[in-house]
Amino acid sequence: METRTQHLFLTLSRRAWLPLLLCAAPAWAAEEPTLIEPDVRPVAVDEALIDTENFEVGAFTGVLNIEDFGSSFVYGARLGYNLSESLFVESNIGFAEGGETSFEQLAGDVELLTDSEREYVYYNLNFGYRLLPGEAFFGPDHAFNTNFYLVAGAGATDFAGDNRFTTNVGFGYQVLFTDSLAVELGVREHMYKIDVLGDEKTAFNTEIRCGLSVFF
Amino acid sequence: MCDIDSGFDNSVALSTAPDSKPGAARLRIVAWLLACVLPLLVSPALADDGRGATADLPRVQVAEPYVAWHTGPAAAYPVVRVSEKGEWLTLVRRKTDWFRVRDRRGREGWVHVDDVLLTLDGAGEPVTLTEPRFDDFSTRRWEAGLMMGEFDRAPVTAVYAGYWMTANLSLELWGSQALGTASEILMVSGNLVHQPFPDWRVSPFFTLGYGHIAIRPKTTLADTENRDNPMANAGLGVRFYMTDRYFLRAEVKDYKTFTDRQTNEEATEWKLGLSIFF
């Protein structure tokens, strides 16, 4: 008898509590606004915390064809600054070594230039324009930003005993693996006036290079 | 073959010239240093997967109806996503006028600075960024630039850095190289610059300078005596504000070289270039 009374009492009390619980539920939810609003502290935007990456520093290697003096391994460094999403300025320095002219090869023991005069150093300052921004896809999961750019500028070439005013034009294709790291393939045409082989003429030196650069 | 024969005579004289390439060795050291430093720079660049510490990065709330996300930091990249009003975005990094943003789900894209300037910060205030504007053209202290032109009919390349002591008066340090058919000319000089109308978009200026000029005749010429002399210059030009932090600069300078011979030498130079203020 006692258990029956207990059973009735408990059943009633459960049914009475249930509506109360249901009423309390919304009130409890309203006290926890963090579920809806993200936890944002009232702070102003501090620009110093944002990493700006407008500078580029890099190294490159390639092949430089020195007019009349054969093709040579070339290496160098490049510093760039991005003025806008399209425009940039860059400075290059490159090192190579002139080979023998065909005359030297045919004549045997004739040396037109000393060893130090065969050292080829060029440096320049260029303006560049990113012409075709795009994306390259590597498999279904990876997309890399790319761009095709044109450059033109002027500088100097120290070769064959003199430092010569040199203009250069070129283009390149750059692939950004991350926002900070890029590889590029480029071609540059270097032009200067030279009279080492008699009459003064304009030498056209073509450089094909690949480079690695880091944005900072 | 004819060309080569005549060139042979020419270059015999050339090869007897003394070897003077101290600059080449120095530049080579610079390149090697760079080659050593680059891997150090590359490793953090590779490790950077775009999900660094988010806690410290600034966050902004979209206040306009929507903000467009591009796949890359240029207007030409396609819009792949939009953030609606009220969404919070983390500003991860900046490239020129573009911000890489990250949303709550960790997705990332690029938003233009003009859109970021329309968002609100954590305190509910409009975001302020120090975007260089025309107003800064006359108030910023530092400037640097690259100029090209002609010095006495030889192509000249010059770099300079300047500090504005007042809105009107600046002190500049110049380095120039002119490569002519007969000689290579190197110049360094300090210049005082005065601009009477600093608030003008096209601002004229006058300049006076004093420095040093080194003339190295070409090795193919008979007279190979190097000449180092003091030099003074006076000039005038204009600074023309373009956009952002960039301005064009054009100038003409007259140089007087003080030699120990009977006469002093004079030369005229004009240059055109691009400068940046900081």
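How many residues lie between β7(A) and β8(A) in the hairpin that they form, and which residue in the turn has a positive phi? There are two residues between these strands, and A:Ala160 in the turn has a positive phi of about 55°.

This is a predicted model, in which local features need pLDDT of at least 70 and side-chain atom pairs count only at pLDDT 80 or more, while totals for chains, interfaces and linings use all residues. Residues are numbered from 1 along each chain as its sequence is written, chains are lettered from A and ligands numbered from 1 in the order in which they are written, and side-chain values use heavy atoms, with hydrogens and water left out.

## Chain A

Chain A has three helices and ten strands, where helices (H or I, at least four residues) and strands (E, at least two) are DSSP runs numbered from the N terminus. Along the sequence, these elements of chain A follow the pattern α-β-β-β-β-α-α-β-β-β-β-β-β. Of the 216 residues in chain A, 44% are buried, a term that means under 20% relative accessible area, with exposed meaning over 50% and partly exposed in between (1.4 Å probe, protein chains only). Chain A exposes about 11500 Å², of which carbon and sulfur atoms supply 65%; such areas come from the Shrake-Rupley method with a 1.4 Å probe, and for residues only the protein chains shown count as cover.

## Strand pairing

Strands of a sheet pair through backbone hydrogen bonds, either parallel or antiparallel. Two strands are taken as paired here if DSSP finds at least two bridges between them.

| Strands | Bridges | A residue and its partner |
|---|---|---|
| β7(A), residues 142-159, and β8(A), residues 162-176 | 15 bridges | A:Asn145 and A:Leu176 |

In chain B, eight strands form a closed barrel in the order β7-β8-β9-β10-β11-β12-β13-β14, with antiparallel pairing. Neighbouring strands of this sheet are turned by 25° against each other on average, direction ignored, with axes being lines fitted to C-alpha atoms, for helices over the stretch in contact, and angles running from 0 to 180 degrees between N-to-C directions.

## Aromatic rings

Rings of Phe, Tyr and Trp (its six-membered ring) pair if their centres lie within 6.5 Å, and planes under 30 degrees apart count as stacked, over 60 as edge-to-face and the rest as tilted. By this rule there are 21 aromatic pairs over all chains. The ring centres of A:Phe55 and A:Tyr81 are 4.6 Å apart and their planes stand at 50°, so this pair is tilted. The pair links distant parts of the chain, since A:Phe55 lies in strand β2 (residues 55-65) of chain A and A:Tyr81 in strand β3 (residues 71-82) of chain A, 26 residues apart. A:Phe55 is partly exposed, with a relative accessible area of 36%, whereas A:Tyr81 is buried, at 14%.

In chain B, ring pairs link B:Phe134, B:Phe137, B:Tyr241, B:Phe247 and B:Phe277 into a cluster. B:Arg239 lies over the face of B:Phe247, at 4.6 Å from the ring centre, and B:Lys271 lies over the face of B:Trp174, at 4.5 Å from the ring centre; a charge sits over a ring if NZ of Lys or CZ of Arg is within 6 Å of the ring centre and within 35 degrees of the ring normal.
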